[in-house]
Amino acid sequence: MRVFSLIIFLNLIFAVPTFCQTTSPKNDFQIWNDTQLIIPLKKSEDKKTERVSLIFYGTLRGGKNQKSLIDERVGVGFEFRLNRFLTFTPSVLYRAGQPSEGKKEYESRLRFDVGIEKKFKYFSIKDRNRIEHRFRNSTKDSTRYRNKFQLTIPVKNDKKEIFAPFVATEPFYEFQSKHWTRNELTIGIAKKFNPNFSAEFFYLLQNNRGNTLKYVNAIGINLKIKID
């Protein structure tokens with residue numbers, strides 16, 4: 001119950017239109033919240049690894065310029081752990097956006113992720129490769145490739161992880177325009193509170209090419225909740 005109370009509290013915080021300043025139309029300061037609800041469907045023989053998981057996604061984003069929510073998303077997917085290093089995650093997502101005054105966007109996204117992860121003695125690396133097709137009502141459909149590379153350095157005490165600082169970069173490539181159109185640089189701290197609940201607290205800088213909104217600064221929290 002504490003976990004679900006925390007989710008409700010955070011979503012209320014992100015939903016309240018408390019933004020009171022104006023900024024240049026080329027820049028925005030945003031607050032992001034992503035939540036994943038993970039339900040393991042099949043485990044390994046030793047019960048230590050989830051081989052197949054059902055994942056529900058929920059996203060809320062608030063923009064300072066619009067003084068309200070500007071992005072809401074819901075989705076569902078499956079994660080298949082092929083071995084210690086490799087995962088495959090197909091998913092579908094519905095998005096409703098209000099990027100500016102009087103403008104609305106609706107789209108469905110079909111995503112295919114291949115993730116590679118390797119843990120070393122003092123750090124770990126992840127590389128997520130995503131093909132994403134967007135069925136959009138406000139403009140032409142598009143397909144893009146996203147590659148997110150993340151370096152994590154856990155902080156431990158008596159071999160027990162306390163928290164884990166990380167840095168990540170994610171460039172976007174649009175197949176229609178044949179250009180790299182966006183890059184997101186993220187720094188943050190991950191914390192695992194118990195085997196079923198973890199969170200990431202982060203700052204993100206988004207750089208856009210060919211878009212009216214050139215730069216986005218965002219702070220946020222990603223929540224992962226596992227239900228055994």
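So, the phenylalanines: Phe78, Phe80 and Phe88 are linked into a cluster by ring pairs. By a ring pair I mean Phe, Tyr or Trp rings (for Trp, the six-membered one) with centres within 6.5 Å; planes under 30 degrees apart are stacked, over 60 edge-to-face, and the rest tilted. Bear in mind this is a predicted model, where local features need pLDDT of at least 70 and side-chain atom pairs count only at pLDDT 80 or more, while totals for chains, interfaces and linings use all residues. Residues are numbered from 1 along each chain as its sequence is written, and side-chain values use heavy atoms, with hydrogens and water left out.

Counting that way, we get 6 aromatic pairs. Why is the Phe120 and Phe123 pair called stacked? Because the ring centres are 4.9 Å apart and the planes sit at 25 degrees. Both get a "partly exposed" label, the band between buried (under 20% relative accessible area) and exposed (over 50%), using a 1.4 Å probe and protein chains only. Phe120 comes out at 41% and Phe123 at 34%.

Phe120 also has Lys118 over its face, 5.7 Å from the ring centre.

On to the inside. The largest nonpolar core has 8 residues: Trp32, Ala164, Phe166, Ala190, Phe202, Leu204, Val216 and Ala218. A core here is a set of buried Ala, Val, Leu, Ile, Met, Phe, Trp, Tyr and Cys residues joined through side-chain atoms within 4.5 Å. At least two residues of this core come from each of β9 (160-174), β11 (197-208) and β12 (215-226). Strands are DSSP runs of E, at least two residues, numbered from the N terminus. Another core, of 5 residues, lies apart from that one and includes Ala199 and Ile221.

Which residue does Glu174 pair with? That's Arg134, with the closest N and O atoms 3.1 Å apart. Glu174 sits in strand β9 and Arg134 in strand β6 (residues 124-136), 40 residues apart. Glu174 is buried at 10%, and Arg134 is buried at 9%. Arg73 and Asp71 make a bridge too, at 2.8 Å between the closest N and O atoms; Arg73 is buried at 12% and Asp71 at 6%.

Conventions. Lys NZ or Arg CZ within 6 Å of the ring centre and 35° of its normal. Helix = DSSP H or I, 4+ residues; strand = E, 2+ residues; numbered from the N terminus. Salt bridge = Lys/Arg side-chain N within 4 Å of Asp/Glu carboxyl O.
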